[in-house]
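Please open the structure in the viewer and keep the selection tool at hand.

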Amino acid sequence: MGQIFCYTFALNLQYLVSTEMMNIEELHPCSINISSETGRLRAVLLRRPGLEIERMPPLIANDALYNDILNQHIAQQEHQLFAQVLERWCKVYYVNDVMCAMMENDTFRRNLVNASVDGNEALAEQLMAMTSQDLTRALIEGVEDPDWDGESANRYMPTPLYNLFFTRDASSTLYNRVLINTMSFSVRQRETLLYDAIFSNFFQGTTFCAANGDSQARTEGGDIQVTAQDTLCIGESIRTNRRGIEYLANTYAKERDHFNIIVQELPHSPESFIHLDMVFTMLGNHRCMMFEPMLKKTGLFANKHTTLIRIENGNISYHEMPNVLEALKKVGHTFEPVFCGGNDPWIQLREQWHSGANFFALDNERIIGYRRNNHTIDALNQAGFDILNAEDVVAGKEDMNAHERFVVTFPAGELPRAGGGARCMTMPILRDEANN
């Protein structure tokens, strides 16, 4: 189903928007360009956790890719503080705002509704009669089925997008265009419709999709990191498969004379290892956060392969490497690691479970992440990062620009239980070039 979404949506919804969607201009869409993980952030896309979280009952939590159900109110409070920090740093676009503006176009809303309801004509007409704001919410949060029997899990139509606040996964800004990812689990596949709409129409950018070339190819944004102009790091995981990675390799072999893709194989369980950014994120131009067993190939990472894919003048070659850092060094990018959880292997496991390696860079060595991972925050402090509280930043008591190197920490009790951290909840759109 995911590949059909990618293909159909690209055909139906890429059309001229200049005069039909004038209200979009009030949001001032920016250009698209991400050439590193650590250039100064200028624009990012967020989704505030909404009613979809409240609409997830325990009996479908596993199918929704959760370990537990969340308290919506607390999750919203935590996310709001996170978002307010970002708003003090860069332009923040919100999924609902952008979608609501685009819904003013009748052709657009009809195409999107039809693609979302899987042939349910009665539901399509119900949705089409809604205001733009209500329709946007309905496509994300669902509307109650009038025939619900009071017991089954299928109370809302379409199925709420429980994971949408993890804006990282369904699309990835790769240099000057956006990869619409092909999600591995059906509960997340409809997210790609919204992101294809946003980036094809609101930002008027160029999108591409692995499933258009190979129906079995799978990619997700948490596995893809833009390390440099010439290098991607990708996790081969339960979410991103080898065929998805080969699609990207073949794509760049046609477009670049020289390019590198570093592939790290990940365990398929437990759930905390779903993406590369759960064990490895960029903190700065030459510094990274890493789960130490991945580097040393111990524990669950024993026998997990690291592969360097080199592209030279259209030729693709594969090289086994000792680890990610050695592979990066081989292609001219040197990184010093800070270890998630510090140096104690017991604590490393605990803090990795709650996204202790999942930081998001606002700029070179200026990052944001969960406060709860105390030993990881201490390790960053020992590495020279100033520790800033999000509450102080939002209140104006701390000026992020006054610090050369910092980590902004925000409280998170509910959000980590959904299985992701600061990087997972951000879809960067525009960064400055990194100064190496």
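Strands here are DSSP runs of E of at least two residues, numbered from the N terminus. The model is a predicted one.

**First stop: proline 411.** Select proline 411, which lies in the loop between strand 19 (406-410) and strand 20 (427-431). Is this residue buried, exposed or partly exposed? Proline 411 is partly exposed, because its relative accessible area of 29% falls between the 20% and 50% cut-offs. Then display Glu78, Leu81, Arg371 and Glu391, with which proline 411 is in contact once neighbours within four places in sequence are set aside.

**Second stop: glutamate 292.** Move to helix 11 (residues 292-296), where glutamate 292 lies. Glutamate 292 is buried, since its relative accessible area is 12% and buried means under 20%. Show the side chains of glutamate 292 and lysine 296, which are joined by a polar contact of 2.7 Å. Not counting residues up to four places away in sequence, glutamate 292 touches Phe339 and Gln348.

Select residues 95-102 (helix 4) and 191-202 (helix 9); their axes come within 11 Å and cross at roughly 65°. Helix 4 is therefore roughly perpendicular to helix 9. The crossing is left-handed. To see the contact, colour Val95, Val98, Met99 and Met102 of helix 4, and Leu194, Tyr195, Ala197, Ile198, Asn201 and Phe202 of helix 9. By class, nine of these residues are nonpolar, one is polar and none is charged.

Terms used:
Residues numbered from 1 in each chain as written. Predicted model: local features only at pLDDT ≥ 70, side-chain atom pairs only at ≥ 80, totals over all residues. Heavy atoms only, no water. Helix = DSSP H or I, 4+ residues; strand = E, 2+ residues; numbered from the N terminus. Buried < 20%, exposed > 50% of the residue type's maximum accessible area, 1.4 Å probe, protein only. Contact = heavy atoms within 4.5 Å. Polar contact = N/O pair within 3.5 Å; in protein donor to acceptor, adjacent residues only side chain to side chain. Axes fitted to C-alpha atoms, helices over the stretch in contact; angles between N-to-C directions. Parallel < 35°, antiparallel > 145°, perpendicular 65-115°, else oblique. Left-handed = near helix turned anticlockwise from the far one by under 90°. Nonpolar A, V, L, I, M, F, W, Y, C, P; charged D, E, K, R; others polar.
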